[in-house]
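Hi everyone, and thanks for coming. Please have a look at the sequence and the structure on the screen, and I'll talk you through some parts of it.

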Amino acid sequence: MPFEAAYLYTILPELVILITASVVLVVDLYLRDDQKGLNHSLTLVGLVLALASVGLVGGDQTATAFGGAFVRDPMSDLLKGVVIVLTLFTFVYSSNYMRDRDMWVGEYHVLVLFSLLGVMIMISANDFLSMYLGLELLALCLYALVAFDRDSKAGSEAAMKYFVLGSIGTGMLLYGISMLYGATGGIGFGDVAAAVAATGTDDKVLVFGLVFVLIGIAFKFGAVPFHMWMPDVYQGAPAPVVLFLSSAPKVAAFAMAARILLDALPGLLADWGDILIILSVLSMAVGNVVAIAQTNIKRMLAYSTVSHVGFIFFGLLAGTEQGYAAAMFYAVVYGLMAVGAFGVLVMISHKGFEAENLDDLKGLGDRDPWLAAMMTLVMFSMAGVPPMVGFMAKLLVLEAVVNVGLIWLAIVAVVFSIIGAFYYLRVVKMIYFDKPEVMDPVTASGSARIAVSVNGLAILFLGMFPAGLLALCEAAF
Amino acid sequence: MGFEKFLFYVFAAIAVFAAGMVVTRRNPVHAVLYLVLAFVSSAALWLLIEAEFLGIVLVLVYVGAVMVLFLFVVMMLDIEVAALRAQFIRHLPLGLVIAAVMIINMVLVVGPWNFGLDSFAKPVPQPEGYSNTTVLGLDLFRTYLYQFEIAAVVLLVAIVAAIRLTLRRRANTKHQEPSEQVRVRKGPERIRLVAMRAEAVPASVPRIGSGPGADPNDAKEQGE
């Protein structure tokens, strides 16, 4: 399978991101401190171009490149578009915060762009090798980003924890991949699926490999019992990094789970379905209950992520096309909500003040009514209150689970969602009914305000008219 | 038992033994040296499965470069062995239980009854004159070109991340600026003569050499 120039067209979005990152890396060297804004402009232009090229290359048919290592299909088109938009939000929200803290340097843009590249490689991976390499690229950038504030002890500690636990997770994944390779003799997802169909599914080595691969996936998702790194990392890392960490990489984790479980191992549905049931029920229980006890809002949102991961697993374990589409819808919507929640946190932080505790949100309704309204939309959506899109996502997943006869699972999910609604609504109560502890007006930039308005209203709009996004998700399976 | 099998067991036993010693040694330098031993015996195992190129690269890169670097770092760090040891012993029972459970599980699943020659046929040996290196090169640059390029990006990110996390200018560090040093021209830029009045030497100081302050070079150093 020699190289063909046509492959370069298929991977155009990835190339645009790679070139943008490299250009920023070089241009940054020649900029004086007061010109660093150019990095930002270059990055935004690159992201918009990448978004356009996703649309240009995209289509209904499936295309592969590099001998089946890379695949472009409707699922990859949608997910790539979403992660690029989430990254755009990340940069717009974080500009003031990073500038105030002397972290508005070229490396920030470069590392976030390279993590985006890793995410896109994972989304389009069609064999275990490129999936693994994309994951490593993403993880390596995120370790460095978590420690980006070099003078923060909490940041270094969080990065160290993330690095050690992430390496263990990757090690597990690699071990599982080696077992699958041993059992099937292939690393391409299609080859593995064909070999499983030919040899049958009672091969112990195959299931053994599957278990380790699933542990790797659960680590990256942060599903219980592999969630220990999340609260500490969320608390220790700079807020804009958490904003990125909780959005695009979660979409990548969904893509990784979907590619590996649905493309490579559909024959083992009975095995991984059971494991996912345990992971998802535990995630919902631990995530929602422990989040109530948190006073730090970043930790609270970390546990809330854990509980949302449970819902994404629900859609996958249903094992039907409806379920997969619902899980994808949920992953996309979750990315949008996470970006919104952390975006507001980043915006109400200012020089010398870090909005981290729930108390910092008190009285936001008086200080900045519009920002408070947006935060309220996000919180209602996360809690699953109609007509916000979070409700729609939960409804679709539950419908898929009920349709395959797992009614008890749906009941468990609803019970834990109601428990979880408590801490989301508590945030809304603090915003509107508590006296503010600080009275300074919020000093957010105009572009960040526009972005948060788009973000919050999108949550409302998609909740009322979900058909378009849902049709895109359904077309992917 | 063929000779190959015998060699396999010898090297496998050395590797397991060395790995055990790595985690139990009191002295970190010893631990690193045992790690080198584990790498060398793994390289021998790779040679046995006809992966000659990888075996040699393991010795050259890991043993030759990475571990030597590691050894330097370990020797420079002042590690508190006693504190590490206390942690180790405190968590040992729990660790042993988990390790035992995992080993039992793994032996049950990947033991000889699932992994023997009857479930996985012995691979056919490569013909004489087969070049591992050539095949690896062709695969790497043709079949796995995409993955190879991603690996290159991963390395670039590693450089960027390492520089970002470690390179910093402290206000009080003394460092040379080679670019400014080479720009100095002959003449007044290189040396500055400071006129000073000769001072009376106290009687207690012997008159050998020049006293502090009398030398123009000293004055220059203090002035800079």
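I'll start with how to read the model, then go through a few places in chain A and finish with chain B.

This is a predicted model, in which local features need pLDDT of at least 70, side-chain atom pairs count only at pLDDT 80 or more, and totals for chains, interfaces and linings use all residues. Residues are numbered from 1 along each chain as its sequence is written, chains are lettered from A and ligands numbered from 1 in the order in which they are written, and side-chain values use heavy atoms, with hydrogens and water left out.

Let's begin with one helix. Helices here are DSSP runs of H or I with at least four residues, strands are runs of E with at least two, and both are numbered from the N terminus. Helix α20 of chain A covers residues 446-464. How far apart are its end C-alpha atoms? They are 27 Å apart, which agrees with the 27 Å that its 19 residues should span at 1.5 Å a residue; the expected span is 1.5 Å times one less than the number of residues.

Several residues of α20(A) are buried, among them Ala448(A), Val452(A), Ile459(A) and Leu462(A). Buried means under 20% relative accessible area, exposed means over 50%, and partly exposed lies in between, using a 1.4 Å probe and protein chains only. The buried residues of α20(A) pack against α4 (74-100), α15 (321-348), α17 (369-383), α18 (389-403) and α21 (467-475) of chain A. Contact, by the way, means heavy atoms within 4.5 Å.

Now for a pair of helices. The axes of α8 (residues 189-199) and α12 (residues 248-264) of chain A come within 8 Å and cross at roughly 35°. Those axes are lines fitted to C-alpha atoms, for helices over the stretch in contact, and the angles run from 0 to 180 degrees between N-to-C directions. On the α8(A) side, Phe189(A), Val192(A) and Ala193(A) make the contact, and they meet Arg259(A), Ile260(A), Asp263(A) and Ala264(A) of α12(A).

Next come a few single residues. Arg299(A) sits in helix α14 (residues 297-318) of chain A. Is Arg299(A) buried or exposed? It counts as buried because its relative accessibility is 19%. Its side chain makes a polar contact of 3.1 Å with that of Asp232(A). For a polar contact, two N or O atoms lie within 3.5 Å; within protein, one must be able to donate a hydrogen and the other to accept it, and residues adjacent in sequence count only if both atoms are side-chain atoms.

Arg367(A) belongs to helix α16 of chain A and is buried, at 9% relative accessible area. Leaving out residues up to four places away in sequence, Arg367(A) touches Asp360(A), Pro436(A), Val438(A), Met439(A), Asp440(A) and Val442(A).

Ser349(A) lies in the loop between α15 and α16 of chain A, and at 6% relative accessibility Ser349(A) is buried too. With residues up to four places away in sequence set aside, Ser349(A) touches Tyr97(A), Arg101(A), Glu354(A) and Ala355(A).

Finally, chain B. It has nine helices and zero strands. Of its 224 residues, 16% are buried. Among contacts in chain B between residues at least 6 apart in sequence, 57% join residues at least 24 apart.
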